[in-house]
Every structure is written in C-alpha cells, then in structure tokens.
Amino acid sequence: MSLDKDKAKWKEAIAKDKLTWVHVSNLKFWDEPIARQYQVEAIPATFILDASGTIVARDLRGDALRAKIIELLNKK
C-alpha cells in the first residue's frame, strides 16, 4: 500500500527500484483510508500476517523482523 499522491512519480519509483510485487494506492497520501484503518502513522510500516490473515506483528525492523519471520516459518 503506497501513500503516494502523484501517480506518475509512484509508477516511476516502482520501475526504477525494480519492485516486482503487487502495488496498490488510492493516491490519497495521508488521507488513505486503509492507512487510517490500520493506524499507520509512519512509513515504512510493516505488518506480518498469519495464514488466516490475522496481524501477528507490526512495525518490526532489522533483527526483530528477521527473528519473527524465522519463528513463524519454523511453526509449520
């Protein structure tokens, strides 16, 4: 989910950075309803979801993010 507001610049950044995953944006910057729904107050924001779509962690960085992903992958 992008908080961009300029479609051309948003698309240009995706191409320049060779980002291959699905990108979505309503181009509403901080007025983005999904960002408000999930209480995103800073970017980047990260959300880790389990198989059922439940948020199990958010806003982890670096070693904490790596450890949580390893933990969750080892539960299978």
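Trainee: Where is Leu 27 found?
Mentor: This is a predicted model, in which local features need pLDDT of at least 70, side-chain atom pairs count only at pLDDT 80 or more, and totals for chains, interfaces and linings use all residues. Residues are numbered from 1 along each chain as its sequence is written, and side-chain values use heavy atoms, with hydrogens and water left out. Helices (H or I, at least four residues) and strands (E, at least two) are DSSP runs, numbered from the N terminus. On that scheme, Leu 27 sits in the loop between H1 and H2.

Trainee: What is the phi of Leu 27?
Mentor: Most residues other than glycine have a negative phi. Leu 27 is not a glycine, yet its phi is positive, at about 55°.

Trainee: Is Leu 27 buried, partly exposed or exposed?
Mentor: Buried means under 20% relative accessible area, exposed means over 50%, and partly exposed lies in between (1.4 Å probe, protein chains only). Leu 27 has a relative accessible area of 27%, so it counts as partly exposed.

Trainee: Which helix has the highest confidence?
Mentor: pLDDT is the predictor's confidence in each residue, from 0 to 100. The protein has a mean of 92, and 99% of its residues reach 70 or more. Confidence is lowest in helix H2 (residues 33–37), at a mean of 91. The highest value, 96, belongs to helix H1 (residues 7–16).

Trainee: Where is Asp 59, which also has a positive phi?
Mentor: Asp 59 is not a glycine, and its phi is about 55°. Asp 59 is partly exposed because its relative accessible area is 37%. Its place is the loop between strand E2 (55–58) and H3.

Trainee: Which residue forms a salt bridge with Arg 36?
Mentor: Arg 36 is exposed, since its relative accessibility is 54%. Its closest N and O atoms in the bridge are 2.9 Å apart, and the partner is Asp 31.

Trainee: Which residues are linked in a network of salt bridges?
Mentor: Lys 68 and Glu 71 both lie in helix H3 (residues 62–74), three residues apart, about one turn of the helix. They meet in a salt bridge at 3.4 Å, N to O. Glu 71 also bridges to Lys 75, with closest N and O atoms 3.7 Å apart. The linked residues are Lys 68, Glu 71 and Lys 75.

Trainee: Is Lys 75 buried or exposed?
Mentor: Its bridge partner Glu 71 counts as partly exposed because its relative accessibility is 35%. Lys 75 has a relative accessible area of 61%, so it is exposed.

Trainee: Which residues closest to the centre line the largest pocket?
Mentor: On a 1 Å grid over the protein atoms alone, a pocket is an open set of points where a 1.4 Å probe fits, with protein on both sides within 12 Å along at least five of seven lines; lining residues have an atom within 4 Å of a point. The largest pocket holds about 800 Å³ of space. Of its 25 lining residues, the closest to its centre are Met 1, Ser 2, Val 24, Ala 45 and Phe 47.

Trainee: Which elements each supply at least two residues of that lining?
Mentor: E1 is the strand at 47–49. For the largest pocket, the elements that each supply at least two residues of the lining are H1, H2 and E1.

Trainee: How far apart in space are the C-alpha atoms of Lys 18 and Lys 5?
Mentor: Lys 18 is in the loop between H1 and H2. Lys 18 is exposed because its relative accessible area is 71%. Along the sequence, Lys 18 and Lys 5 are 13 residues apart; in space, C-alpha to C-alpha, the separation is 20 Å.

Terms used:
Salt bridge = Lys/Arg side-chain N within 4 Å of Asp/Glu carboxyl O. Points joined across faces, edges and corners; volume = space filled by probe spheres on them.
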